[in-house]
Structures are given as C-alpha cells and as structure tokens.
Amino acid sequence: MSDPGNYAGSTDRSIGQLVASATAEMSALVHDEIALAKAEVRQDVKRGAIGSIAFVAAGVFALFSIPVLSFAAAYGIHNLGLGLAWSFLIVGVAFIALGGLLAFLGIRKFKKVKPPEKSIASAKQTAAVLQKAKPHPRPSIEAAAIIERSAVSGSSLAKKGVEGGSGQDKAGTVARSST
C-alpha cells in the first residue's frame, strides 16, 4: 500500500514540497505532450512523404505515356487513310500548337504580375521612421552608487569587491549587465 505521507493531498507535506511536486508533475506533463506532438508529426511526415512519392511516380508514368500516345495517334490517323509521314506530321504540329498556346497563356499571366506595391510602401515608410528614430538613452549607474547600495544591503559581491580592492571593476561589470 502507498505511504500516506507521499500522497499529494496529504497535510503532512510542506508548501515547498507541494510546490516541488506540482512543478515535477507539470514538467512531466509538458514532456509527455511534447512526445505526443513529436509522434503525431512523425506520422504526418511519413504520410506526406509517401504521398509525395506517389505523385512523383504518377508524373513519371504520365510523362512516359506521352510518346506512346503520340505514336498511337499517328498510327490512328494513318489508319484513316493518310500516309504515315503525314500522320506523324499532324501529331507533331498538334503538339507544337498546344505548346505555343500554353506559352501564350503563360506570357499573358506573367505580364499581369506586379510588384507588391503595398509591401514596398510599408517597407519604405518603416525605413523612414527608423532613420529618424534615435536610440533611447539609458541612464548610467555610477559604480560607486552600486557599491554603496550593495554594501548597505550586505551583498557578498560588494563585500568581495571592496575587500579585494577591485570594487570599481566588479561594480562596473554589474552596472553594464543591469542596463
């Protein structure tokens, strides 16, 4: 049976122990949530990879089918009574016409592309504001004032600094790190 002193609701435990227990349980919960998220992402990535491979394979088969279908079309036209050379010429011209039509549509779409005017204007406006902005002045803290405050509060850093003779250096370091 479990020890009643280890029960989270036990009144025998101090506040510190309860806080430590709650922190440990919260940490474990967060770690478990992260592990669950990683497992879900791995599964989704695996599905995405398999789907991508399937699309690539479908594209390859479609690409390989174009010459076969071209030959079939040419021989089909030949069976209608035209010469074989004329049949292949008709299929070739049809492909060239289809390519030309797609190129024309692509050029028309590219001509409609405009630069992102709103983004450019916003970036110029931000740049203008930043050029006029001046850095906010930070008040400098005197090293002597830091030593004095630390000595009054009994800080071990101030005691070491004053006793060691390098109080100015250590206080200057504290001043730089606090700003």
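Is Tyr75 buried, partly exposed or exposed? Tyr75 is partly exposed, because its relative accessible area is 41%, and a value between 20% and 50% falls in that class. The model described here is predicted.

**Aromatic pairs**

Two aromatic pairs occur in the structure. In one of them, the ring centres of Phe71 and Phe88 are 5.4 Å apart and the ring planes stand at 75°, so this pair is edge-to-face. The angle decides the label because planes over 60 degrees apart count as edge-to-face. Phe71 belongs to helix 1 and Phe88 to helix 2, and the pair links distant parts of the chain, 17 residues apart. Tyr75 and Phe88 make another edge-to-face pair, with 5.6 Å from centre to centre and 80° between the planes. Tyr75 is in helix 1 and Phe88 in helix 2, so this pair ties together parts that are 13 residues apart in sequence. Through these ring pairs, Phe71, Tyr75 and Phe88 are linked into a cluster.

The table gives the two pairs.

| Pair | Centre to centre | Angle of planes |
|---|---|---|
| Phe71 and Phe88 | 5.4 Å | 75° |
| Tyr75 and Phe88 | 5.6 Å | 80° |

How exposed are the other residues of this cluster? Phe71 is partly exposed, at a relative accessible area of 45%. Phe88 is also partly exposed, with a value of 30%.

**A buried serine**

Ser70 is another residue of helix 1. Its relative accessibility is 12%, so Ser70 counts as buried, the limit for that class being under 20%. Leaving aside residues up to four places away in sequence, Ser70 touches Val91 and Phe95.

**The nonpolar patch**

Phe95 also takes part in a nonpolar patch on the surface. Other members of the patch include Val56, Val60, Phe61, Leu63, Phe64 and Ile66, along with Leu98, Leu101, Leu102, Phe104 and Leu105. Together the residues of the patch have about 1,200 Å² of accessible area. Which helices supply the patch? Helix 1 (15-79) and helix 2 (84-111) each contribute at least two residues. Phe61 is located in helix 1. With a relative accessible area of 61%, Phe61 is exposed, since exposed means over 50%.

**The salt bridge**

How many salt bridges are counted? The count is one. It joins the side chains of Arg47 and Asp44, with a distance of 3.7 Å from N to O. Both Arg47 and Asp44 lie in helix 1, three residues apart, which is about one turn of the helix. Arg47 is exposed, with a relative accessible area of 52%. Asp44 is partly exposed, at 48%. The two residues fall into separate classes because the limit between partly exposed and exposed is 50%.

**Helix 3**

Helix 3 covers residues 117-132 and has 16 residues. At 1.5 Å a residue, helix 3 should span 22 Å, and its end C-alpha atoms are 23 Å apart, so the two values agree. The expected span is 1.5 Å times one less than the number of residues. How many residues of helix 3 are buried? The number is zero, so helix 3 lies largely in the open.

Methods. Residues are numbered from 1 along each chain as its sequence is written. This is a predicted model: local features need pLDDT of at least 70, side-chain atom pairs count only at pLDDT 80 or more; totals for chains, interfaces and linings use all residues. Side-chain values use heavy atoms; hydrogens and water are left out. Patches are made of residues with over 30% relative accessible area and no salt bridge: like charges are joined within 9 Å, nonpolar side chains (Val, Leu, Ile, Met, Phe, Trp, Tyr) within 5 Å. Accessible areas come from the Shrake-Rupley method with a 1.4 Å probe; for residues, only the protein chains shown count as cover. A salt bridge is a side-chain nitrogen of Lys or Arg within 4 Å of a carboxyl oxygen of Asp or Glu. Helices (H or I, at least four residues) and strands (E, at least two) are DSSP runs, numbered from the N terminus. Buried means under 20% relative accessible area, exposed over 50%, partly exposed in between (1.4 Å probe, protein chains only). Rings of Phe, Tyr and Trp (its six-membered ring) pair if their centres lie within 6.5 Å; planes under 30 degrees apart count as stacked, over 60 as edge-to-face and the rest as tilted. Contact means heavy atoms within 4.5 Å.
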